[in-house]
Amino acid sequence: MTPTIQNRKHTEQEYLELERKAEYKSEFFAGEIFAMAGSSNPHNMITVNFLTLLMSKLKGKSCRPYGSDMRVHTPINSLYAYPDISVVCGEKKFLDDVFDTLLNPAFICEVLSKSTADYDTGGKFMRYRSIESLKEYWVISSFECRLQKFVKQPNGSWLLTETTNANETVLIESLSEEVPLQEVYFDVQFEVAK
(Lines give C-alpha, C1' and ligand atoms only; values in the text may rest on other atoms or scores of the structure.)
Protein backbone atom coordinates (compact mmCIF):
# COMPACT_ATOMS: atom_id res chain seq x y z
CA MET A 1 0.00 0.00 0.00
CA THR A 2 1.32 3.41 -0.96
CA PRO A 3 0.42 6.51 1.06
CA THR A 4 -1.71 9.04 -0.83
CA ILE A 5 -0.44 12.09 1.02
CA GLN A 6 3.32 12.06 1.45
CA ASN A 7 6.11 14.33 2.75
CA ARG A 8 4.96 14.35 6.36
CA LYS A 9 3.16 12.33 8.98
CA HIS A 10 -0.40 13.24 9.91
CA THR A 11 -2.01 13.17 13.34
CA GLU A 12 -5.14 11.13 13.92
CA GLN A 13 -7.12 14.36 14.28
CA GLU A 14 -5.80 15.67 10.94
CA TYR A 15 -6.78 12.39 9.29
CA LEU A 16 -10.31 12.49 10.73
CA GLU A 17 -10.79 16.11 9.63
CA LEU A 18 -9.61 15.29 6.09
CA GLU A 19 -11.56 12.03 5.91
CA ARG A 20 -14.84 13.53 7.03
CA LYS A 21 -14.66 16.04 4.15
CA ALA A 22 -13.24 13.68 1.52
CA GLU A 23 -15.08 12.46 -1.56
CA TYR A 24 -13.41 9.04 -1.32
CA LYS A 25 -12.41 6.76 1.56
CA SER A 26 -8.87 6.43 2.90
CA GLU A 27 -7.41 4.37 5.71
CA PHE A 28 -4.86 5.61 8.23
CA PHE A 29 -1.94 3.92 9.95
CA ALA A 30 1.14 5.28 11.73
CA GLY A 31 0.65 8.83 10.47
CA GLU A 32 0.14 7.83 6.83
CA ILE A 33 -3.06 8.06 4.78
CA PHE A 34 -3.82 5.35 2.21
CA ALA A 35 -6.45 5.67 -0.54
CA MET A 36 -8.68 2.63 -0.84
CA ALA A 37 -8.74 0.80 -4.15
CA GLY A 38 -11.94 0.07 -6.01
CA SER A 39 -13.43 -3.41 -5.81
CA SER A 40 -14.43 -6.02 -8.37
CA ASN A 41 -17.93 -7.24 -9.17
CA PRO A 42 -17.39 -10.56 -7.30
CA HIS A 43 -16.09 -8.60 -4.26
CA ASN A 44 -19.17 -6.38 -4.24
CA MET A 45 -21.60 -9.26 -4.70
CA ILE A 46 -20.06 -11.34 -1.90
CA THR A 47 -20.13 -8.34 0.45
CA VAL A 48 -23.77 -7.53 -0.31
CA ASN A 49 -24.83 -11.19 -0.11
CA PHE A 50 -23.16 -11.68 3.27
CA LEU A 51 -24.33 -8.35 4.72
CA THR A 52 -27.92 -9.03 3.61
CA LEU A 53 -27.77 -12.48 5.19
CA LEU A 54 -26.42 -11.04 8.46
CA MET A 55 -29.08 -8.31 8.51
CA SER A 56 -31.77 -10.97 8.21
CA LYS A 57 -30.27 -13.31 10.82
CA LEU A 58 -29.54 -10.58 13.39
CA LYS A 59 -32.81 -8.64 13.05
CA GLY A 60 -34.36 -8.14 16.47
CA LYS A 61 -31.20 -9.29 18.28
CA SER A 62 -28.64 -7.24 20.20
CA CYS A 63 -26.06 -7.41 17.39
CA ARG A 64 -25.91 -4.89 14.50
CA PRO A 65 -24.02 -5.43 11.23
CA TYR A 66 -22.40 -2.54 9.35
CA GLY A 67 -21.10 -2.30 5.80
CA SER A 68 -17.89 -0.81 4.49
CA ASP A 69 -18.86 2.80 5.23
CA MET A 70 -18.41 2.23 8.98
CA ARG A 71 -14.86 3.03 9.98
CA VAL A 72 -13.23 0.96 12.75
CA HIS A 73 -10.47 2.26 15.01
CA THR A 74 -7.87 0.19 16.82
CA PRO A 75 -6.68 2.49 19.62
CA ILE A 76 -3.58 0.49 20.56
CA ASN A 77 -1.94 0.96 17.17
CA SER A 78 -3.95 3.84 15.65
CA LEU A 79 -5.31 2.03 12.60
CA TYR A 80 -8.42 3.53 11.04
CA ALA A 81 -9.89 1.07 8.53
CA TYR A 82 -13.11 0.31 6.67
CA PRO A 83 -13.80 -3.42 7.02
CA ASP A 84 -16.17 -4.84 4.43
CA ILE A 85 -18.42 -6.00 7.26
CA SER A 86 -18.30 -5.41 11.00
CA VAL A 87 -20.77 -6.44 13.70
CA VAL A 88 -21.15 -4.92 17.14
CA CYS A 89 -23.10 -6.66 19.91
CA GLY A 90 -24.68 -4.85 22.84
CA GLU A 91 -23.72 -1.23 23.42
CA LYS A 92 -22.13 0.49 20.45
CA LYS A 93 -19.02 2.49 21.34
CA PHE A 94 -17.87 5.25 19.01
CA LEU A 95 -14.77 7.41 18.90
CA ASP A 96 -16.73 10.66 19.26
CA ASP A 97 -20.15 12.21 18.76
CA VAL A 98 -19.94 12.03 14.96
CA PHE A 99 -20.72 8.27 15.32
CA ASP A 100 -18.75 7.24 12.23
CA THR A 101 -15.87 5.37 13.90
CA LEU A 102 -16.71 2.15 15.75
CA LEU A 103 -14.49 1.03 18.63
CA ASN A 104 -15.96 -2.31 19.71
CA PRO A 105 -16.79 -4.74 16.91
CA ALA A 106 -17.20 -8.38 17.94
CA PHE A 107 -16.94 -9.69 14.37
CA ILE A 108 -15.08 -8.38 11.31
CA CYS A 109 -15.06 -9.75 7.78
CA GLU A 110 -12.84 -8.69 4.90
CA VAL A 111 -13.61 -9.82 1.37
CA LEU A 112 -10.26 -10.42 -0.26
CA SER A 113 -9.15 -8.94 -3.53
CA LYS A 114 -5.89 -10.01 -5.16
CA SER A 115 -4.36 -6.62 -4.34
CA THR A 116 -5.36 -6.74 -0.63
CA ALA A 117 -5.15 -10.45 0.23
CA ASP A 118 -1.71 -10.38 1.87
CA TYR A 119 -2.46 -7.23 3.88
CA ASP A 120 -5.93 -8.37 5.01
CA THR A 121 -4.62 -11.72 6.27
CA GLY A 122 -1.35 -10.32 7.64
CA GLY A 123 -0.72 -6.79 8.88
CA LYS A 124 -4.33 -5.67 9.01
CA PHE A 125 -5.44 -8.77 10.92
CA MET A 126 -2.54 -8.30 13.33
CA ARG A 127 -3.81 -4.77 14.05
CA TYR A 128 -7.45 -5.84 14.30
CA ARG A 129 -6.44 -8.39 16.95
CA SER A 130 -5.66 -5.51 19.31
CA ILE A 131 -9.39 -4.69 19.49
CA GLU A 132 -10.37 -6.11 22.86
CA SER A 133 -14.00 -6.79 21.86
CA LEU A 134 -13.09 -8.66 18.65
CA LYS A 135 -13.87 -12.36 18.94
CA GLU A 136 -13.87 -13.50 15.33
CA TYR A 137 -12.35 -12.49 11.98
CA TRP A 138 -13.31 -13.90 8.59
CA VAL A 139 -11.59 -13.44 5.25
CA ILE A 140 -13.58 -14.48 2.19
CA SER A 141 -11.90 -14.74 -1.20
CA SER A 142 -13.46 -12.96 -4.17
CA PHE A 143 -11.35 -14.84 -6.73
CA GLU A 144 -12.06 -18.44 -5.62
CA CYS A 145 -14.31 -20.22 -3.14
CA ARG A 146 -12.29 -19.95 0.07
CA LEU A 147 -13.16 -18.88 3.62
CA GLN A 148 -10.64 -18.46 6.42
CA LYS A 149 -12.17 -18.18 9.88
CA PHE A 150 -10.12 -16.98 12.86
CA VAL A 151 -11.68 -17.36 16.32
CA LYS A 152 -10.18 -15.90 19.48
CA GLN A 153 -9.54 -18.58 22.10
CA PRO A 154 -9.85 -18.15 25.90
CA ASN A 155 -6.03 -17.92 26.18
CA GLY A 156 -5.91 -15.06 23.64
CA SER A 157 -4.59 -17.13 20.73
CA TRP A 158 -6.48 -17.31 17.42
CA LEU A 159 -7.64 -20.61 15.91
CA LEU A 160 -7.80 -20.82 12.10
CA THR A 161 -10.18 -23.07 10.18
CA GLU A 162 -10.53 -22.95 6.42
CA THR A 163 -12.93 -24.28 3.82
CA THR A 164 -13.06 -24.30 0.04
CA ASN A 165 -16.38 -26.16 -0.14
CA ALA A 166 -19.24 -23.91 -1.31
CA ASN A 167 -21.75 -26.47 0.02
CA GLU A 168 -20.62 -26.04 3.63
CA THR A 169 -22.49 -24.15 6.31
CA VAL A 170 -20.11 -22.34 8.64
CA LEU A 171 -20.89 -21.18 12.18
CA ILE A 172 -20.07 -17.62 13.17
CA GLU A 173 -19.18 -18.62 16.70
CA SER A 174 -19.18 -15.09 18.13
CA LEU A 175 -22.76 -14.53 16.88
CA SER A 176 -24.11 -18.11 17.16
CA GLU A 177 -25.34 -17.90 13.56
CA GLU A 178 -24.85 -20.37 10.73
CA VAL A 179 -23.84 -19.14 7.29
CA PRO A 180 -24.43 -21.27 4.18
CA LEU A 181 -21.56 -20.43 1.86
CA GLN A 182 -23.84 -20.97 -1.14
CA GLU A 183 -25.72 -17.84 -0.02
CA VAL A 184 -22.51 -15.86 0.43
CA TYR A 185 -21.36 -16.84 -3.06
CA PHE A 186 -24.85 -16.64 -4.61
CA ASP A 187 -24.69 -15.59 -8.28
CA VAL A 188 -20.94 -14.87 -8.05
CA GLN A 189 -18.91 -15.62 -11.16
CA PHE A 190 -15.19 -15.59 -10.59
CA GLU A 191 -13.11 -13.59 -13.00
CA VAL A 192 -11.07 -15.72 -15.39
CA ALA A 193 -7.30 -15.23 -15.03
CA LYS A 194 -5.78 -13.58 -18.09
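Valine 170 has valine 179 in strand 13 as its bridge partner. Strand 12 (residues 169-172) and strand 13 run antiparallel and are joined by four bridges; two strands count as paired if DSSP finds at least two bridges between them. Strands here are DSSP runs of E with at least two residues, helices are runs of H or I with at least four, and both are numbered from the N terminus. The model is predicted: local features need pLDDT of at least 70 and side-chain atom pairs count only at pLDDT 80 or more, while totals for chains, interfaces and linings use all residues. Residues are numbered from 1 along each chain as its sequence is written, and side-chain values use heavy atoms, with hydrogens and water left out.

Strands 12 and 13 form a hairpin with four residues between them, and serine 176 in the turn has a positive phi of about 55 degrees. In a regular strand the side chains alternate between the two faces of the sheet. Buried means under 20% relative accessible area, exposed over 50%, and partly exposed in between, with a 1.4 Å probe and protein chains only.

Lysine 149 lies in strand 10 (residues 147-152) and, at 7% relative accessibility, counts as buried. Its side chain reaches the backbone oxygen of leucine 171 at 2.7 Å. A polar contact of 3.0 Å also joins the side chains of lysine 149 and glutamate 173 (a pair of N or O atoms within 3.5 Å; within protein, one must be able to donate a hydrogen and the other to accept it, and residues adjacent in sequence count only if both atoms are side-chain atoms). Leaving aside residues up to four places away in sequence, the residues that lysine 149 touches include Trp138, Thr161 and Val170, with contact meaning heavy atoms within 4.5 Å.

One of the residues involved is cysteine 109, whose bridge partner in strand 9 is tryptophan 138.
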